Amino acid sequence: RILAYRLRVLQDSGAYPRIGALMPFITMRMVSGVYDIAEVEYSAQTVLTNTTPTTAYRGAGRPEAAAAIERAVDLFATAAGLDPAEVRRRNVVAPDRFPWTNATGTVYDSGDYEGALDRALAAAGYDELRAEQRRRREAGERVALGIGLSTYVEVTAGFPSAERATILVRPDGSLLVQSGTNPYGQGHATTWAMLVSERTGVPLERIEVVFGDTDHFEDGAVTGGSRSVQMGGVAVDMASESLVEEARRVAADLLEAAVDDVVLDPSSDGGRFHVTGTPAIGRSWADVATARADDPLQVRSTFESPGGGTFPFGAHVAVVEVYTETGRVTLLRMIGVDDAGTIINPLIAEGQVHGGMAQGIAQALFEEMAYDADGNPLTATFADYLFPSAADLPSFETVAMETPTPRNPLGAKGIGESGTIGAAPAVQNAITDAVSHLGVRHIPMPASPERVWRAIQEAQPA
């Protein structure tokens, strides 16, 4: 059991402090990760240096928390002579303890951390991997196999805010959805249209989604912090529900029936209203629009976050080969279980995880802003600053898992940054694990061939 944990953070904010200088506050919120640790001490300092300013980037304070605790757990497992998976299983918060308050006062909404770990280990074939690792070590092979784990939690939509949405029924029965959120590649238009279509029955191709129109919205928060579905998406879903209720009243007049007797069948011919028990006689959205020609049917909704955010979680397994004579690392497999509550569009969600994993792997293996002793940047161009191409990455293996949150009607959490938070420590742990039998205990990120080689040489007896 892990009884206590202390983390001290030194945040380099660069020459001009910006939001990056405040990231240690985010790190503090989930400093103990997914673990039930009673005694936690956290301290942080932000310092000015003559380097590039630091700002918030994919993960923004959460990868730091995960990297620290996940390396600590592996070091603890080695010292205790236990498998790192077993140490995690003994110490994660049990699923029946949610909502759960960690030692720094953060309230986690929902989770099944052991379940995520078990799914990741099963998908990886963990026992078989360990057997192959033992075989290579006993045979004295020069290409070592490493298996790295990480079990993480993060926060999304972590600050109080609000998002708004309106839906207008056009004369032909098509719908115009307007949202205060502004995407830049996350697929909001598709996801918002899916939410509306599911409620109304109107096909996707007859739903237009417009963003950031200041004639209709006086404000709208940034698309960041993995907040969009659980804020803007919830507002759209609420507007869809209100629209159906308003349309039922119009349809009731058309059908000469009581409102309570009229239902919408979203699966029938683009959505049809009819009296319960008599589906043969119905009215379409176009009929509703015609009836309201002088006063087009439009609804507006606002969703206000209660604050505190939601807490996605997951488990990653990385499998690497390390060439012990040169320090070269090859990432063979990357397995991820990323639980973001209710998933609206599985394809888009998986794409977000893939992008996140790529960036986490890049942190572990490639990316570094380096300076010489005088503070001159050594990685100022892409000729010097390393980042992976598709050829450097394996085909990602993702495992579905959904644990809804009670903090919004959709049960959705964010997923845009999860892959980054889970992947980096898994890869770092895998590299260290590969050469741990040679006496290596820790290799800093990014684990360049030189760093890995030097760690191996320094661990060897003189």
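Predicted model: local features only at pLDDT ≥ 70, side-chain atom pairs only at ≥ 80, totals over all residues.

Student: How are H6 and H7 oriented to each other, roughly parallel or roughly antiparallel?
Tutor: The axes (lines fitted to C-alpha atoms over the stretch in contact, with angles from 0 to 180 degrees between N-to-C directions) of H6 (residues 188–200) and H7 (residues 228–255) come within 9 Å and cross at roughly 30°. Angles under 35 degrees count as roughly parallel and over 145 as roughly antiparallel. H6 and H7 are therefore roughly parallel.

Student: Which residues of H10 make the contact with H2?
Tutor: The axes of H2 (residues 62–80) and H10 (residues 418–434) cross at roughly 30° and come within 9 Å. That angle makes H2 roughly parallel to H10. On the side of H2, the contact is made by Arg62, Pro63, Ala66, Ala67, Glu70, Arg71 and Asp74. Their partners in H10 are Thr420, Ile421, Pro425, Gln428, Asn429 and Thr432.

Student: How many salt bridges does a search of the whole structure find?
Tutor: A salt bridge is a side-chain nitrogen of Lys or Arg within 4 Å of a carboxyl oxygen of Asp or Glu. Some of them join into a network, one that links Glu86, Arg89, Arg90, Glu114 and Asp118. Over the whole structure, the number of salt bridges is 27.

Student: How many residues apart are Arg130 and Asp433?
Tutor: Arg130 pairs with Asp433 in a salt bridge whose closest N and O atoms lie 3.1 Å apart. Arg130 belongs to helix H5 (residues 126–139) and Asp433 to helix H10, so that distant parts of the chain are linked. Arg130 is buried (under 20% relative accessible area) at 9%, and Asp433 is buried at 13%. The separation of Arg130 and Asp433 in residues is 303.

Student: What separates Glu132 from Arg135 in helix H5, in terms of helical turns?
Tutor: The salt bridge of Glu132 with Arg135 has its closest N and O atoms 2.9 Å apart. Because Glu132 and Arg135 are 3 residues apart in H5, their separation is about one helical turn.

Student: Is Arg142, the partner of Glu325 in a salt bridge, buried or exposed?
Tutor: The side chains of Glu325 and Arg142 meet at 3.2 Å, N to O. Glu325 lies in the loop between strand E13 (313–323) and strand E14 (328–339), and Arg142 in the loop between H5 and strand E5 (143–153), 183 residues apart. Glu325 has a relative accessible area of 51% and counts as exposed (over 50%). At 57% relative accessibility, Arg142 is exposed.

Key. Residues numbered from 1 in each chain as written. Heavy atoms only, no water. Helix = DSSP H or I, 4+ residues; strand = E, 2+ residues; numbered from the N terminus. Parallel < 35°, antiparallel > 145°, perpendicular 65-115°, else oblique. Contact = heavy atoms within 4.5 Å. Buried < 20%, exposed > 50% of the residue type's maximum accessible area, 1.4 Å probe, protein only.
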